[in-house]
Amino acid sequence: MPTLSDDNNFLRKSTLLNIFGTALKVAGPILTIVLARVFGTKEFGLFVSTQLLVLTLSHGATLGLDSGLHWFLPQNKLHGRPSHSGIAESFWVSVLAALLLTAGAFFASFTSFASDDLLWYAISLVPYTASFMFGNASQGNRRPHYSIFIDSFIVAVLAPVISIALHYFNIPHALPIGLFFAISVGCLLHFITIKRQFVNMPWWPPKKVPRSLMLYSLPIAFANIVENFLSRTGLWLVLMLLGSGDAGAYALMITISNGLQTIRYGFYPILLPIVAGMDAERHRLDLKPVFSYCVSMVTLIQLIIGFFIVLFPKEILMIAGKDFVIQPEALGILLFMHLLSGFFGMSESVLKGLGKSSYMLSRNIVCLAAAFVSGYLLIPKFGLVGAAFSTLIYNLVFLVWNNVYLVKLNLWPYSAKLCVQCIWILLLTALYVAINSGVLVLDLWEKIGIYIVLLAILVISLIFQKKKFA
């Protein structure tokens, strides 16, 4: 069984890889901004909306088994099972489900209800699903860096580059075709990494999916379907209530602000297998330092990006073109939401690591209701700012629900040392309010100077807190 020392070594190594991966991840959003400029607000808005639908369906095709492998693989050693137990069985079930969904999209494309591009997007369902399975298997095997480099860098860079190249050669359906080729390359790379990690794994397993894995995964599957619709609700409501032009601008804001979300998601597969590999005694003794270390790193890395977005929102959106500079203050609200989620949202990986998968569905249904009601009321009146506030509201419900559940389990993993992160979040919030209320008016060079100073302090804080929690 891993010890706290083993876990700390894994955390330090993974944090360094995450910091390096974060630098690489910047390329994806930058190229996505260029993609938005090339294709325009309407086509880009439809692309993001349809891509998110494909992502939602792909997550549904996994039946929650991809997330289940996070919890199941770390316990293979504890229960004397082969290290690869559950991977191939889950893979074939998920691919079969993805093929059925692809067939459904094929028939739907002949109806008047579906977009002409639906089938072109649907061909990405199988490689998307396979990538989820392979990537999560690597993460459950304490190899999270594969997903960082393959999904967050290689695929994120290839998709817009291929689409832009196809566009300039006047090839139709450039966006979905570019997505398909990028995802296929990522799937192939994931397959190679899995073969290297599990050399003796049979690809046609004689057994069915282990019962304990299925029982853990199915509640997550239903919860993930709701959660995927939940995370897309704001954009889809903007598309429905305000039109594709505003949807394109909001989609770009989501893409930029999600740079913070990827930091948190990058630490999920680091923390979850550690928690899953702990017994009850270690949960009581070792959970707090491990959890607090992850929260401190996530928040400080997010703040480095966050201050840049708060100081230069219009300049970032202008890269895509003037048509995308619509209510840029909405970007700051999304940013604040991701900072709160970076601090309090890591509780999700703890609950999953504890095997508490069944509670998620009821929570997500309540959050989905909050998202629809708040979005329907706020978006027509406040536009993109209303959409951002709607996203903030349902995320607050999500965060409160998770942490109250931890209290009920007599677990409170937050260290008092995290007060530093709280101060930084309040400082960033104050800066955002001051700039957007007109209290603080800065020219470009003043913003650059402030950011350089803040960046230096944050990097020093990152190094100091890394040692402090080690």
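Student: Is S374 buried or exposed?
Tutor: The model is a predicted one. In it, S374 is buried, because its relative accessible area is 8%, and buried means under 20%.
Student: Where is S374 found?
Tutor: S374 belongs to helix 15.
Student: What does the side chain of S374 reach?
Tutor: It reaches the backbone oxygen of A371, at 3.3 Å.
Student: And which residues does S374 touch, not counting those up to four places away in sequence?
Tutor: With those neighbours left out, S374 touches I379, S390 and I393.
Student: Changing topic, how many salt bridges does the structure hold?
Tutor: There is one salt bridge. E348 forms it with R363, and the closest N and O atoms are 2.6 Å apart. The pair links distant parts of the chain, with E348 in helix 14 (residues 347-353) and R363 in helix 15 (residues 360-382), 15 residues apart.
Student: Are E348 and R363 buried or exposed?
Tutor: Both E348 and R363 are buried.
Student: Now to cavities: how many of 30 Å³ or more does the structure hold?
Tutor: The structure holds one cavity of that kind. The largest cavity has a volume of about 40 Å³.
Student: Which residues line the largest cavity?
Tutor: The lining consists of I309, V310, P313, P328, L331, G332, Y432 and N436. Six of the lining residues are nonpolar, two are polar and none is charged.
Student: Which helices each supply at least two residues of that lining?
Tutor: They are helix 11 (280-311), helix 13 (329-344) and helix 17 (419-437).

Terms used: Residues numbered from 1 in each chain as written. Predicted model: local features only at pLDDT ≥ 70, side-chain atom pairs only at ≥ 80, totals over all residues. Heavy atoms only, no water. Salt bridge = Lys/Arg side-chain N within 4 Å of Asp/Glu carboxyl O. Helix = DSSP H or I, 4+ residues; strand = E, 2+ residues; numbered from the N terminus. Buried < 20%, exposed > 50% of the residue type's maximum accessible area, 1.4 Å probe, protein only. 1 Å grid on protein atoms, 1.4 Å probe; cavity = no way out; pocket = protein on both sides within 12 Å on 5 of 7 lines; lining within 4 Å. Points joined across faces, edges and corners; volume = space filled by probe spheres on them. Nonpolar A, V, L, I, M, F, W, Y, C, P; charged D, E, K, R; others polar. Polar contact = N/O pair within 3.5 Å; in protein donor to acceptor, adjacent residues only side chain to side chain. Contact = heavy atoms within 4.5 Å.
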